[in-house]
Amino acid sequence: MAGKIEIPENLKADLPPNKFGKILGATPIIMTVIATMLAGLASSEMTKAQYDRALAAQLQSKAGDQWGYFQAKKMRGAMAHNSLDLLEASTDARPLGAEAMTDADAITIAALTRNQLPEATPARLDDGVKAALAVMESSKPESDVTEALAKIKPQTLAEALVATKDAATAFDAATKPITSAVDKLNASFMAGDKRAFRDFTLNRLGYSAARYDAESGLNMAIANIYELQVRQGNISAEHHHRRSAKFFYGMLAAQMAVIISTFAIAARQRSFLWSIAAAAGMAAIGFAAYVYLYV
């Protein structure tokens with residue numbers, strides 16, 4: 001069984017005989033507990049900061065993927081537009097009408113003859129998310145973006161990301177049957193009359209250009225939400241880092257209190273071991289200051 005900690009009688013004589021005196025006598029123990037608690041909090045906040053940094057890096061990679069999709073589809077759309085303009089300017093080809101595509105359904109014919117695609121419905125976003133996107137897209141200072149993001153919960157951004165992905169998935173699902181039908185028509189016309197195939201190429205290029213333009217916009221919306229999440233993660237990491245530093249300073253202050261109270265006991269008791277403990281504490285603080293200033 002652990003022995004009870006007793007304050008020496010001659011030390012008790014230097015302390016007020018009341019509750020405050022008892023608190024003074026227990027100062028080294030209390031300050032040690034506080035220092036340990038603050039050290040744990042500082043470590044916890046630093047771990048959270050590192051986690052947020054790592055998560056932000058992962059989100060930045062995903063945002064880069066979406067920007068890559070956006071650029072690729074935007075480029076394909078531009079190439080389709082250019083090819084369409086060049087073909088129209090250099091030949092007497094004209095887009096085919098619905099009567100020439102008797103095997104196609106009404107949706108495919110509308111897409112080929114009028115560029116009437118399934119509606120690429122934008123995701124419904126929270127007003128705060130819309131405001132943050134507007135601030136970010138207008139290239140305002142990061143402080144303005146930070147202020148806008150402070151009003152948005154991470155869960156709200158996560159829901160916005162799901163909504164934008166769902167919008168892109170829905171459009172892809174709606175256009176997939178049309179694209180498949182267009183490919184079949186293209187193979188059919190390619191095997192038949194060359195003039196009809198050239199005319200059909202105008203229809204196909206118009207459809208492809210419109211589809212890529214819509215898809216690139218949906219990919220851009222996803223990338224922008226990822227960018228907001230990246231900034232929110234970095235802001236959170238900075239917040240935890242500042243808290244960690246403050247907890248660390250508090251821990252140093254508590255350790256200083258332990259050392260001062262230990263010196264007080266050592267001076268009264270003339271104890272060699274207490275003096276060694278105090279010296280070790282001072283050395284630890286000196287080393288921490290060296291690391292903080294020079295390492």
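Biologist: In which helix is confidence lowest, and in which is it highest?
Modeller: The mean pLDDT of the protein is 84, and 81% of its residues reach 70 or more. Where pLDDT is low, the predicted coordinates should not be read in detail. The lowest mean, 52, belongs to helix α1 (residues 9-12), and the highest, 93, to helix α7 (residues 154-190).

Biologist: What percentage of the contacts with a separation of 6 or more is accounted for by residues 24 or more positions apart?
Modeller: The protein has 295 residues, of which 34% are buried. Among its contacts with a separation of 6 or more, the share from residues 24 or more positions apart is 82%.

Biologist: Does N219 count as buried or exposed?
Modeller: N219 is found in helix α8 (residues 194-269). Its relative accessibility is 7%. Because the cut-off for burial is under 20%, N219 counts as buried.

Biologist: With which side chain does the side chain of N219 make a polar contact?
Modeller: Leaving aside neighbours within four places in sequence, N219 is in contact with Q66, Y69, F70 and K73. The polar contact between side chains has a distance of 3.2 Å, and the partner of N219 in it is K73.

Biologist: How many residues apart are R53 and E238?
Modeller: R53 and E238 form a salt bridge, with their closest N and O atoms 2.2 Å apart. The pair links distant parts of the chain, since R53 is in helix α3 (residues 27-90) and E238 is in helix α8, and the separation is 185 residues.

Biologist: Are R53 and E238 buried, partly exposed or exposed?
Modeller: The relative accessibility of R53 is 36%, and the relative accessible area of E238 is 35%. Because buried means under 20% and exposed means over 50%, R53 and E238 are each classed as partly exposed.

Biologist: Which parts of the structure hold D92 and R195?
Modeller: The side chains of D92 and R195 meet in a salt bridge, at 3.5 Å from N to O. This pair ties together parts that are 103 residues apart in sequence, because D92 lies in the loop between α3 and α4 and R195 lies in helix α8.

Biologist: How many residues apart in sequence are the parts tied together by R231 and E142?
Modeller: A salt bridge joins the side chains of R231 and E142, at 3.5 Å from N to O. R231 lies in helix α8 and E142 in helix α6 (residues 142-149), so the parts tied together are separated in sequence by 89 residues.

Biologist: Which residues of helix α4 are buried?
Modeller: Helix α4 covers residues 106-114. Just after α4, N115 takes a positive phi of about 55°. Within the helix, the buried residues are T108, I109, A110, A111 and L112.

Biologist: Are α4 and α7 roughly parallel or roughly perpendicular to each other?
Modeller: The two helices pack at an angle of about 75°, with their axes 10 Å apart. The contact is made by I107, T108, A111 and L112 of α4 and by I178, A181, V182 and L185 of α7. Because angles of 65 to 115 degrees fall in one class, α4 and α7 are roughly perpendicular.

Biologist: Are α5 and α6 roughly parallel or roughly antiparallel to each other?
Modeller: Helix α5 (residues 127-137) packs with α6 at an angle of about 175°, and their axes are 9 Å apart. The contact is made by A132, V135 and M136 of α5 and by D144, V145, A148 and L149 of α6. Because the angle is over 145 degrees, α5 and α6 are roughly antiparallel.

Technical notes: Residues are numbered from 1 along each chain as its sequence is written. This is a predicted model: local features need pLDDT of at least 70, side-chain atom pairs count only at pLDDT 80 or more; totals for chains, interfaces and linings use all residues. Side-chain values use heavy atoms; hydrogens and water are left out. pLDDT is the predictor's confidence in each residue, from 0 to 100. Helices (H or I, at least four residues) and strands (E, at least two) are DSSP runs, numbered from the N terminus. Buried means under 20% relative accessible area, exposed over 50%, partly exposed in between (1.4 Å probe, protein chains only). A polar contact is a pair of N or O atoms within 3.5 Å; within protein, one must be able to donate a hydrogen and the other to accept it, and residues adjacent in sequence count only if both atoms are side-chain atoms. Contact means heavy atoms within 4.5 Å. A salt bridge is a side-chain nitrogen of Lys or Arg within 4 Å of a carboxyl oxygen of Asp or Glu. Axes are lines fitted to C-alpha atoms, for helices over the stretch in contact, and angles run from 0 to 180 degrees between N-to-C directions. Angles under 35 degrees count as roughly parallel, over 145 as roughly antiparallel, 65 to 115 as roughly perpendicular and the rest as oblique.
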